[in-house]
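Me: I have a structure here to go through. Could we look at the helix packing and the sheets together?

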Amino acid sequence: MCGIIGIVGKSSVNQTLYEGLTVLQHRGQDAAGIVTCENDRLYLRKNNGLVRDVFHTRHMLNLRGNMGIGHVRYPTAGLESSAEAQPFYVNSPYGITLAHNGNLTNAEALKNDLFREDLRHINTDSDSEVLLNVFAHELHKLNKLKINQDDIFKAVRGVHKRCRGGYAAVAMITGIGIIAFRDPYGIRPVVFGKRSTSTGTEYMIASESVAINVLGFELVRDIAPGETIFITAEGQLYTCQCANHPISSPCIFELVYMARPDSIMDDISVYKARLCMGKVLAKKILRNNPKHDIDVVIPIPDTSRTAAVQLAHALKCKYREGFVKNRYIPRTFIMPGQGMRKKSVRRKLNAIHLEFKNKNVLLVDDSIVRGTTSQQIIQMARDAGAKKVYFASAAPPVRYPNVYGIDMPSAHELLAYNRTNEEIAKVIGADCLVYQDLEDLIACARKGNKNIKQFDASCFTGHYITGDVDQDYLDHLEQHRNDAAKSDRQAKETEVIDLNNVI
């Protein structure tokens, strides 16, 4: 999960790009980057850290030009180093930069092909650099000094033929314009908007509609699965469907957890979908236990609040804010390494004891992934005096890895893997545990857009919609991306940094 943004404006876009990335900061807190273009010259700033820490006044002054792209990174592949920060750049052909949200499931094979057949060198472990080089090579094959929209659409068609997995990307060709494209399944989200100025129309591309709205642009629509949009440096918009058989299959976990509630994705209101999740979850609780003894419903901030409010209303129970969140601690789910996640839970949340003392409490969370947070929060509720602690998840059990750009790499690190609900409840210390049914979750999502026939729900079902994910791939992914492997790579990176300091 990452956040991407692109703007073609009529005046300097550096500040707008910066503000857009701050709106998308929830999508990635590991690194940030912006590249702009002025008079056929690129200006780049990227580094590890939050947006506010990466960009200082001196950097902003150097980001010149009326068009640019940006990225906030949440690592799913490669090292958590500044070398992996985006946007990436290749000088041939034309000078191209690219920022990407998602994950290519055939990145290793593509990397070999790029070296052996296309004679291109990949300098990092990031599949985003692979995607950039595939796009660049498809443009290079045209062998043209000047290109137009038809050439760009032809190149993206080549990308779709070669690349597998989930990807939403924004690219900038120096002096020519900005391109955005989405994989043929539309797994990862991307939208575009426009606004009128005294000098003409400006266009903006972003992972979520909230960035479009906050910056004063009018949301036009989502980029369709397999579709490409091209905005020239002068502000002319072109669109084209570049996939042969697009099938809309957006990631349902975006609605559960990833997206901000004030976003609209594929014509689905994230807020309304989460309200519905709370309502149907309450119905399940009442079916199973109509004479429940719940005294109070308390959300685990922040993502679960919307569902918890509706759940409490449907149960006719009190809704209370029982935890105070330190907003300066990043989201624990997207932190690299289990050790860091464990340390951060109690630093992030503190219980209000009077809301728990001598009460039967129903805690509501958006989902349970590794279970670290759930286990510690339940213990916090007991320490605060709760008589009983029940737990409800607005999502079904997460039993399988997500391979399309969300950091759920190792099945064995998932709490629900090979466990029954009763076993999970025992592990996290809950008196009772209730999960959302998948059918109900899908029904909540489809209420916003009945035209969507299927969602990517692979982390719940183990069914991978691209059809190219087998057990060998999952085994390779687990070896490469589990917490132990990440810790080893991080240690090696630290050794390199220390050596550089000595030199």
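Me: To begin, which residues in α9 meet α10, and which residues in α10 do they meet?

Reply: This is a predicted model. On the α9 side the residues are Tyr271, Arg274, Leu275, Gly278, Lys279, Leu281, Ala282, Ile285 and Leu286. In α10 they meet Thr306, Ala307, Gln310, Leu311, Ala314 and Leu315. By class, this contact has 10 nonpolar, three polar and two charged residues.

Me: At what angle do the axes of α9 and α10 cross?

Reply: The axes of helix α9 (residues 270–288) and helix α10 (residues 305–315) cross at roughly 40° and come within 7 Å. That angle makes α9 oblique to α10.

Me: And is the crossing left-handed or right-handed?

Reply: The crossing of α9 past α10 is right-handed.

Me: Changing topic to the sheets. What is the strand order in the open sheet of seven strands?

Reply: The order is β3-β2-β4-β1-β10-β9-β11, and the pairing is antiparallel. Its edge strands are β3 (41–48) and β11, each of which pairs on one side only. Neighbouring strands of this sheet are turned by 15° against each other on average, with direction ignored.

Me: How many bridges join β1 to β4?

Reply: Six bridges join strand β1 (residues 3–8) to strand β4 (residues 67–73), and the two run antiparallel. Within this pair, the bridge partner of Ile7 is Gly68 in β4. Helix α1 (residues 14–23) packs on the sheet, where it touches β1, β2 (31–38), β4 and β9. The direction of α1 makes about 155° with that of β1.

Me: What about β9, how does it pair with β10?

Reply: Strand β9 (residues 191–197) pairs with strand β10 (residues 200–206) in the antiparallel sense over seven bridges. A hairpin of two residues joins β9 to β10. Val191 has Ala206 in β10 as its bridge partner.

Me: And how many bridges join β9 to β11?

Reply: Four bridges join β9 to strand β11 (residues 218–222), again with the strands running antiparallel. Phe192 stands opposite Arg221 in β11.

Me: Now the sheet of six strands. What is its order?

Reply: This open sheet has the order β5-β6-β7-β8-β12-β13, with antiparallel pairing. The twist averages 20° from one strand to the next.

Me: Why is one side of β5 and of β13 left without a neighbour in the sheet?

Reply: β5 (88–90) and β13 (237–241) stand at the edges and each has a single partner strand, so one side of each is left without a neighbour in the sheet.

Me: Last topic, confidence. What is the mean pLDDT, and where does pLDDT stay under 50?

Reply: The mean pLDDT of the protein is 92, and 91% of its residues reach 70 or more. Over residues 496–503 pLDDT stays under 50, and the model has zero contacts beyond four places in sequence for that stretch. Where pLDDT is low, the predicted coordinates should not be read in detail.

How values were computed. Residues numbered from 1 in each chain as written. Predicted model: local features only at pLDDT ≥ 70, side-chain atom pairs only at ≥ 80, totals over all residues. Heavy atoms only, no water. pLDDT = per-residue confidence, 0-100. Contact = heavy atoms within 4.5 Å. Axes fitted to C-alpha atoms, helices over the stretch in contact; angles between N-to-C directions. Parallel < 35°, antiparallel > 145°, perpendicular 65-115°, else oblique. Left-handed = near helix turned anticlockwise from the far one by under 90°. Nonpolar A, V, L, I, M, F, W, Y, C, P; charged D, E, K, R; others polar. Pairing = 2+ DSSP bridges.
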